Amino acid sequence: MDPHLQNLETTTPESTSEDQNHQQQLAIVSSSPFATASLSLSLPTILPTHFFTQPKISTLFSSPPTKAKIPTQATSLTHLSLTSSTSSPKLSFKSTISANPLHTPLTLGPRRPSDPSNAAGTRRACIVWFRNDLRVHDNECLNSANNDSMSVLPVYCFDPRDYGKSSSGFDKTGPYRANFLIESVSDLRKNLQARGSDLVVRVGRPETVLVELAKAIGADAVYAHREVSHDEVKAEEKIEELMKDEGVEVKYFWGSTLYHLDDLPFKLEDMPSNYGGFKEKVQGLEIRKTIETLDQLKGLPSRGDVEPGDIPNLLDLGLNPAQDGKAAANASMVGGETEALQRLNKFAAECQAQPPKGGSHESIYGANFSCKISPWLTMGCVSARSMFDELKKTATRTISAASNHNSGGGSSSPAAGMNWLMFELMWRDFFRFITKKYSAPRKQLEATPATACTGAFA
């Protein structure tokens with residue numbers, strides 16, 4: 001017998017009150033602390049009469065019971081009673097609530113596919129396709145998929161088309177960049193695992209890999225951030241076309257710029273082709289708040305039994321590890337969101353520690369006159385909005401503290417640093433938006449592109 005069932009009490013007809021000749025109760029009471037509700041049903045309406053004529057059953061009752069009281073939370077089973085009555089069978093309902101309080105709150109562990117506890121999820125399973133957004137913070141795509149679905153499959157694809165030689169004989173992706181990417185993907189997997197999820201890694205074309213995975217897990221949708229280059233936009237259109245044939249929705253988000261695409265005060269096709277015109281139109285535009293990082297993510301889908309897969313090395317991608325002295329110079333460039341956030345905090349601290357700089361030209365100064373975060377920003381290990389928010393918080397704290405000590409004008413260093421960072425991030429936004437403007441495969445260029453080096457700040 002279950003150890004939680006503490007006592008078994010059978011009430012005889014002699015021990016009952018006014019109904020002692022007509023009723024007999026079998027009560028099972030548990031000491032479980034959970035509050036429960038019970039429900040009484042007329043047994044003849046749900047069980048055949050001959051059920052109680054079985055030898056083992058009939059010995060428990062002097063007359064067949066006609067009512068059953070069952071807790072609505074059957075798993076807690078704190079009260080169960082059977083009642084017999086000689087009155088005419090009638091379907092009846094009676095509910096009771098026990099007064100036992102909850103001694104300890106319920107705690108939820110990582111949500112696994114076998115226990116999809118989020119009843120609000122409208123989708124059974126979905127895929128999050130990571131691209132140049134290798135982070136869990138400020139990631140609208142990841143958060144939306146987690147809120148919409150009962151299970152989520154994060155995926156990253158090493159596209160073979162991004163490697164090998166170009167038509168000019170150069171590496172499409174060099175060994176240093178590839179190694180930085182491998183480290184970033186590895187760090188993303190660790191961050192997802194720490195939140196109860198994982199990262200599925202494949203070497204293959206996304207339009208092939210994603211369709212296969214969607215079929216395997218029965219995905220309802222694919223979530224991804226949009227990109228801006230011609231080849232990336234072509235890949236997005238191809239995936240939308242293939243997923244439509246499979247009945248899978250594709251939901252794209254925007255998260256690679258300081259200003260959101262939907263907040264621009266002009267249509268993208270009407271975007272000014274020079275930075276001065278762009279800056280004039282977007283200056284003063286509100287920057288969206290960063291999206292909160294989730295501490296816990298939905299588990300992987302149980303269907304399909306998808307293996308996470310191994311992260312490839314340079315040789316797997318057709319590249320040879322560096323053999324010269326450049327390897328040592330790049331040893332300090334560790335890819336990944338963890339390193340990116342550490343560098344961002346260090347940069348903010350450097351801005352705060354610098355003495356005010358005179359002169360009208362506001363810029364951050366120091367080693368290489370740079371925040372040195374560009375590689376991580378390119379991979380999406382850190383978002384532009386996160387950089388802006390962190391430096392803004394630092395500047396606000398420092399300006400408030402320094403206002404009592406610096407009454408003689410001059411720029412506060414963190415404020416100057418923030419202005420410099422805004423200048424650089426706005427240039428980056430300009431290049432990404434102008435690339436997006438002219439990247440649509442069906443769009444015919446009607447004007448000369450603004451610059452020939454649109455990837456300089458990507």
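These are my notebook entries on one predicted model.

**Ground rules**

I worked on a predicted model, where local features need pLDDT of at least 70, side-chain atom pairs count only at pLDDT 80 or more, and totals for chains, interfaces and linings use all residues. I number residues from 1 along each chain as its sequence is written, and side-chain values use heavy atoms, with hydrogens and water left out.

**Whole chain**

I began with the overall counts. The chain has 11 helices and 11 strands. Helices (H or I, at least four residues) and strands (E, at least two) are DSSP runs, numbered from the N terminus. I then looked up burial. Of the 458 residues in the chain, 42% are buried. Buried means under 20% relative accessible area, exposed means over 50%, and partly exposed is in between, with a 1.4 Å probe and protein chains only. Next came contacts, meaning heavy atoms within 4.5 Å. Among contacts in the chain with a separation of 6 or more, 79% are between residues 24 or more positions apart.

**Helices α4 and α5**

I looked up how α4 (residues 206-217) packs on α5 (residues 230-245). The angle is about 30 degrees, and the axes are 9 Å apart. Axes here are lines fitted to C-alpha atoms, for helices over the stretch in contact, and angles run from 0 to 180 degrees between N-to-C directions. That angle makes α4 roughly parallel to α5. The cut-offs are under 35 degrees for roughly parallel, over 145 for roughly antiparallel, 65 to 115 for roughly perpendicular, and oblique for the rest.

I noted the hand too: α4 passes α5 in a right-handed crossing. A crossing is right-handed if the near helix is turned clockwise from the far one by less than a right angle, and left-handed if anticlockwise.

I listed the residues that meet. From α4 they are Pro 206, Glu 207, Leu 210, Val 211 and Ala 214. From α5 they are Lys 238, Ile 239, Leu 242 and Met 243. This contact divides into seven nonpolar residues, no polar ones and two charged. Ala, Val, Leu, Ile, Met, Phe, Trp, Tyr, Cys and Pro count as nonpolar, Asp, Glu, Lys and Arg as charged, and the others, Gly among them, as polar.

**Cysteines**

I searched for disulfides, defined as a pair of cysteine sulfur atoms within 2.5 Å. The count is zero. Cys 126 is in no disulfide, and its nearest cysteine sulfur, that of Cys 141, is 8.4 Å away. Cys 126 is buried at a relative accessible area of 0%. I found Cys 381 buried as well, also at 0%.

Cys 157 sits in strand β8 (residues 152-158). Its relative accessibility is 7%, so I logged it as buried. Leaving out residues up to four places away in sequence, Cys 157 touches Arg 202, Gly 204, Pro 206 and Val 209. Cys 157 and Arg 202 are 45 residues apart in sequence but 5.0 Å apart in space, C-alpha to C-alpha.

**Asp 159**

I moved on to the loop between β8 and α3 (175-193), where Asp 159 lies. Asp 159 is buried, with a relative accessible area of 9%. With residues up to four places away set aside, Asp 159 touches Gly 204, Arg 205 and Pro 206. Pro 206 is also on my α4 list of residues meeting α5.

**Positive phi**

Most residues other than glycine have a negative phi. I looked up two aspartates with a positive value. Asp 138 has phi near 45 degrees. Asp 138 is in the loop between β7 (126-130) and α2 (140-148). At 2% relative accessibility, Asp 138 is buried.

Asp 305 has phi near 50 degrees. Its place is the loop between α6 (275-282) and α7 (326-329). Asp 305 is exposed, at 62% relative accessibility.

**Asn 320**

I stayed in the loop between α6 and α7 for Asn 320. Asn 320 is exposed, at 60% relative accessibility. Beyond its neighbours within four places in sequence, Asn 320 contacts Pro 175 and Leu 315. Asn 320 and Gly 174 are 146 residues apart in sequence and 9.2 Å apart in space, C-alpha to C-alpha.

**Arg 123**

My last entry is Arg 123, in the loop between β6 (95-97) and β7. Arg 123 is buried, at 15% relative accessibility.
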